[in-house]
Amino acid sequence: MKFLKVILPLLLMVPLMANAQCRSFTKKKCLPELEGYVQNDNFNSAVLIPGDEAELLLTFYADKEYRLLVCGHPILGDLEFEVLDTDEEVIYSNADAEDEGKTKFDFKVATTQQLIVRIRVPEAETASTLIHEGCVSVMIGSKES
């Protein structure tokens, strides 16, 4: 029983520690990329592994200029991301972008709408029993037009 009293709190702390490390990574490595834009108040991040895919539904308001930034730990490789409308039509894919656009997408919407951001972590290039995990953050900044 004593063993359970020690192990259970440690197991509950692991996700909190990962979230804290992800927040620190986002603040140090990702936030500077939003320079010139005002960050929204949402913190969207997750710890992902190679082969993972995540989606996020976000609302964008008319007549605002936005910067969407997908920032991931370098150990995960080049992240792929797409912006889709709610009918799953691709509006933007970083696979078609130049180097500058690989992590950022600057845009403006004509009407207020919800968009889906889909992120994929590439599979590991070498077969290994060691699975690396890393933080992936989706940050939104805006300017008034």
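Modeller: Buried means under 20% relative accessible area, exposed over 50%, and partly exposed in between, with a 1.4 Å probe and protein chains only. This is a predicted model, in which local features need pLDDT of at least 70 and side-chain atom pairs count only at pLDDT 80 or more, while totals for chains, interfaces and linings use all residues. Residues are numbered from 1 along each chain as its sequence is written, and side-chain values use heavy atoms, with hydrogens and water left out.

Biologist: How many of the eleven residues of S9 are buried?

Modeller: Strands (E, at least two residues) are DSSP runs, numbered from the N terminus. S9 is largely enclosed by the rest of the structure, because the buried residues number nine of the eleven.

Biologist: Over how many bridges do S4 and S9 pair?

Modeller: Two strands pair if DSSP finds at least two bridges between them. S2 (residues 44-48) is joined to S9 in the antiparallel sense by five bridges, with Ser137 as the partner of Ser45. Leu68 has Ile140 as its bridge partner in S9. S4 and S9 are also antiparallel, and the number of bridges between them is nine.

Biologist: Which residues have the most contacts inside the largest nonpolar core?

Modeller: A nonpolar core is a set of buried Ala, Val, Leu, Ile, Met, Phe, Trp, Tyr and Cys residues joined through side-chain atoms within 4.5 Å. The largest such core has 22 residues, and those with the most contacts inside it are Phe60, Leu68 and Phe107.

Biologist: In what order do the four strands of the open sheet lie?

Modeller: Strands of a sheet pair through backbone hydrogen bonds, either parallel or antiparallel. Here the pairing is antiparallel, and eight bridges join S3 to S8, where Thr59 stands opposite Gln114. The order of the strands is S3-S8-S5-S6.

Biologist: Is Glu82 buried or exposed?

Modeller: Glu82 is placed in strand S5 (residues 80-84). Its contacts (heavy atoms within 4.5 Å) include Val90, Tyr92 and Ile116, not counting residues up to four places away in sequence. Because its relative accessible area is 13%, Glu82 is classed as buried.

Biologist: With which side chain does the side chain of Glu82 make a polar contact?

Modeller: A polar contact is a pair of N or O atoms within 3.5 Å; within protein, one must be able to donate a hydrogen and the other to accept it, and residues adjacent in sequence count only if both atoms are side-chain atoms. At 3.3 Å, the partner of the Glu82 side chain is the side chain of Arg120.
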